Amino acid sequence: MNGSRSATLTVAWRLATFRSEGFPTIPLAILGLLLFVAVFANVLAPHDPEVGRLGERFHPPFWQQGGSETYLLGTDHLGRDVLSRLLFGARVSIVVGFTAVIVAGIIGTALGILSGYLGGWVDQVIMRFTDTWLALPALTFAIFLAAVVGPSEMNIVIILVVVYWTRYARVIRGEVLSLKERDFVRLAIVAGCSKWTIMKRHILPNVLNSAIVLGTLMLGVVVVTEAALSFLGVGVPPPKPAWGLMLADGKKGLMAGYWWLTVLPGCCIMLMVLSANLLGDWLRVKLDPQLRQL
Amino acid sequence: MSDAPLLELRGLSTHYVSARGTRVVRAVDDVSLSLAAGSTLGIVGESGSGKSTLALTILRLLPPAARITGGEIRFEGEDLLAKSDGEMRRIRGKRIAMILQDPMASLNPLFTIGDQVSEPLRVHEGVGRRRAWSRARDLMKAVRIPAPETRVGEYPHQMSGGMRQRIVGAIAISCAPRLLIADEPTTSLDLTIQAQYLNLLKELQRQHQLALIFITHNLGIVAKMCDQVAVMYAGRLVEWGPVTRIFDAPAHPYTRALLESIPRMGDGRARLTAIEGQPPDLAAPPPGCAFHPRCPKAIAQCREQAPPETSLGPRHTVRCWLPGPAPVG
Amino acid sequence: MKRYIVKRVGYALVSLVLLSITIFLFVRLTGDPAVLLVEPGASQADLDAIHQQFGLDRPLWVQYGRFASSLLRGDLGHSFYYRTPVLELYLSRLPSSLLLAAAAMTFSLVIGIPTGIIAAVRVNRWWDSAGKIFALLGLSLPSFWVGLLLILFFSVYLGWLPSSGSGTAAHLVMPAFALGWYFAAAHMRLTRSSMLDVLGSEYVKLARLKGLPEALVIGKHAFKNALIPVLTLAGINLVIMVNVAVVVETVFAWPGVGRLLYEGIAFRDFPVVQATVILGGAMIVIVNLLVDILYALIDPRIRLDR
């Protein structure tokens, strides 16, 4: 009795002091901004992101020597406006990121629920595959798949879904296993509800919180993976502007000191991932304190 | 034996303050009692009544959110609240020891029994490793662990619950403390082992002139082991006094309700008597006397004013506007 | 303990089989595997020859049988570009990757564990907040970007360190830092939460009740218990590092298996890609198994039971 009291107090006190209600305005604002930019890139971008003027290569940003106001953040090795590419790159990251996270989430949650609730061979089969896929690092697996099917924006989304659904399945299954023991589920079983009804009406709403928190946290991971894939050349194919691709191009100018081609796209990635992570952290504490294990 | 009590608490209060300072939980509220050397005190109450917090307060091992907001603790004449951290540390385990409820959780799974039993000796008395281990063996013999020579090199998970609790007992008495606080020591033990363990504690107490504080919700243990009993409710001490007197004629309605709720064989009663209602939320206790919503004798004054401590005799106090009949003399 | 080990070995074997099946299926089922298995720029005749050689017209399970048996024989294909067996190629590059991973792991533990412990002991005070920020940055900055920034500062601007290749300690510094960065944050986080759990445990409470000095409580009772999950993770992370180092090795032109994978992609050398993935995955399964066994040896609860 003494032990559980102090454990409860410890959790309660830890929660209370964690950033005390810090509503994540900045992360949300940044994500909102990125979303806005992604949607309105055509309108906002001053230049065509895919076509460059070879006479205007390697302009630095406007505040440096040699920069100009036409190309606010400089140009790359093909004379393309960096700002426009960054804006359109946001579109790629947002679309790929959100789609992959949502689809992987749906599949992973569904399979996690089935696996956790139905148990038996369904569980065994799904879990063995999940464990195996989880054993393989996401990046390696994604590279392999990209090498097999060839890079394209659509393929990347599919690949990311295939690689990351297992993360959801594992976590959700764990939750379902403990939910199964709860009284309200047992009552539903005793009352004669069908398995599907129970899974839909009782289990699903209760795991939704975890799924959402996990989704937010996965957004950062997915964006970084996509950037890595693009950087390696197996992600979004050129000339489409993806931030990862810009980093790969930027590497070519790195030794010459063309810093903006490396620093700026990376900052964008960092901002998006940082915001997603902060939002996910806040959601995790807000929605269910027991999820701090995530 | 001198007249001065071994332990004296006066008006002791411990509050938990939430991070933003908004919620204040009065875990221990103005508690006063005293304990003579070699005697046994039982502290009873429901969960959340503040019993464990009181024990941790005496040892000054509270979590950071808790604050001792008032009162005095005198142990062997010394003011414990005035002691520095270092001084308190030297008192813990050496002059005042404590046993926790769950022996499995109390012992570190990665270290041997011998290591853990000899630790207080090595830290407090500077005993060398070899000697400390042999004294650990003696201690284990004293708590009646069979074959201590082999046991000493084993790990906690290799022993039964009863044995583990004895080990915890051995640790507690290793430096010959004057006071031992036991927080629900038998709750996690099998019934058959409980009696053995209590006998062991009694034996140790006799041998070492140990004062015992028993925190429990089991009145049977109190009846068997304790000279005095302190009844706590919502952080307050509602009755304190000699066991025989209080069990015979409880003065506080809560004490009476507790005693009546123990089912007795051949009672003739058809239904179990439970105390109506729920324990109060310590962050927002009811005004006046905390027990009044559940008290069969509550009057208007109980709702408005918290009753002060009234003395019903030497070392016998109660907090009630309408205390029950106190025995004559 | 024996039963525990046998069970774990069984799981590992199943995982390895499933891994090979997964890789196999993905190649065979998506599009025309012959295109992948043949050199770029091959003719139709070459494609037909590949069909024959790999029996691509036979039923799937027959194909898998061939695939699995060749794996077991150690035949993981030939690299188009290097014209050597891939296994040989992989093994020759592996030591470099292990060196890089070891350096990065050392860095991540040396930074991560102490920071995590201090953050837990001084929880919610200044150091903990700094730690939380560090953890966040670790998770949010892609490793290859960190690498690129390091090159920018230390090679281009300051000229202190070489930007690519290997051979000296100076070459190792930046790649190890870039690779270890993420893991330092992860290890710090885990150490912190593990330590917090342990600090809230009953045996730590009892240690304090015994009057032990705080340094002993933390250094002896809390530390060893808190480290168990961290070291378990670190062991597994070592092998994961070898695998995810592909981007860092590419940035720094570090001659390890990660760079081999990149070359495989860049030169459309599919056997290399496939083999690297299989071997990488197999390594992880095996290391997981070894860590489990190590666990059994260290934790007396498992060692002396069952």
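Trainee: Which elements does chain C run through from the N terminus on?

Mentor: Chain C reads α-α-α-α-α-α-α-α-α-α-α-α-α-α from its N terminus. That makes 14 helices and zero strands. Helices (H or I, at least four residues) and strands (E, at least two) are DSSP runs, numbered from the N terminus. This is a predicted model, where local features need pLDDT of at least 70, side-chain atom pairs count only at pLDDT 80 or more, and totals for chains, interfaces and linings use all residues. Residues are numbered from 1 along each chain as its sequence is written, while chains are lettered from A and ligands numbered from 1 in the order in which they are written.

Trainee: How many residues does chain C have, and what percentage is buried?

Mentor: A residue is buried if 20 or more other C-beta atoms lie within 10 Å of its own, exposed if 12 or fewer, and partly exposed in between, with C-beta atoms placed from the backbone. Of the 306 residues in chain C, 44% are buried. The C-alpha atoms of chain C fill a box of roughly 80 × 60 × 30 Å along the principal axes.

Trainee: How many residues of chain A are in contact with chain C?

Mentor: Two residues are in contact if their C-beta atoms, placed from the backbone, lie within 7 Å. Here 40 residues of chain A are in contact with 43 residues of chain C. On the chain A side, H6(A) gives the most, with eight residues. That side divides into 26 nonpolar, 11 polar and three charged residues. Ala, Val, Leu, Ile, Met, Phe, Trp, Tyr, Cys and Pro count as nonpolar, Asp, Glu, Lys and Arg as charged, and the others, Gly among them, as polar.

Trainee: And what about chain B, where it touches chain C?

Mentor: There, 25 residues of chain B are in contact with 17 residues of chain C. H4(B) gives the most to the chain B side, with four residues.

Trainee: In what order do the strands of the chain B sheet come?

Mentor: Strands of a sheet pair through backbone hydrogen bonds, either parallel or antiparallel. Two strands count as paired if DSSP finds at least two bridges between them. In chain B, four strands form an open sheet in the order E2-E1-E4-E5, with antiparallel pairing. Strand E2 (24-35) and strand E5 (78-79) of chain B each have a single partner strand, so one side of each is left without a neighbour in the sheet. Eight bridges join strand E1 (residues 7-17) of chain B to E2(B), and B:Thr14 stands opposite B:Val28 in E2(B).
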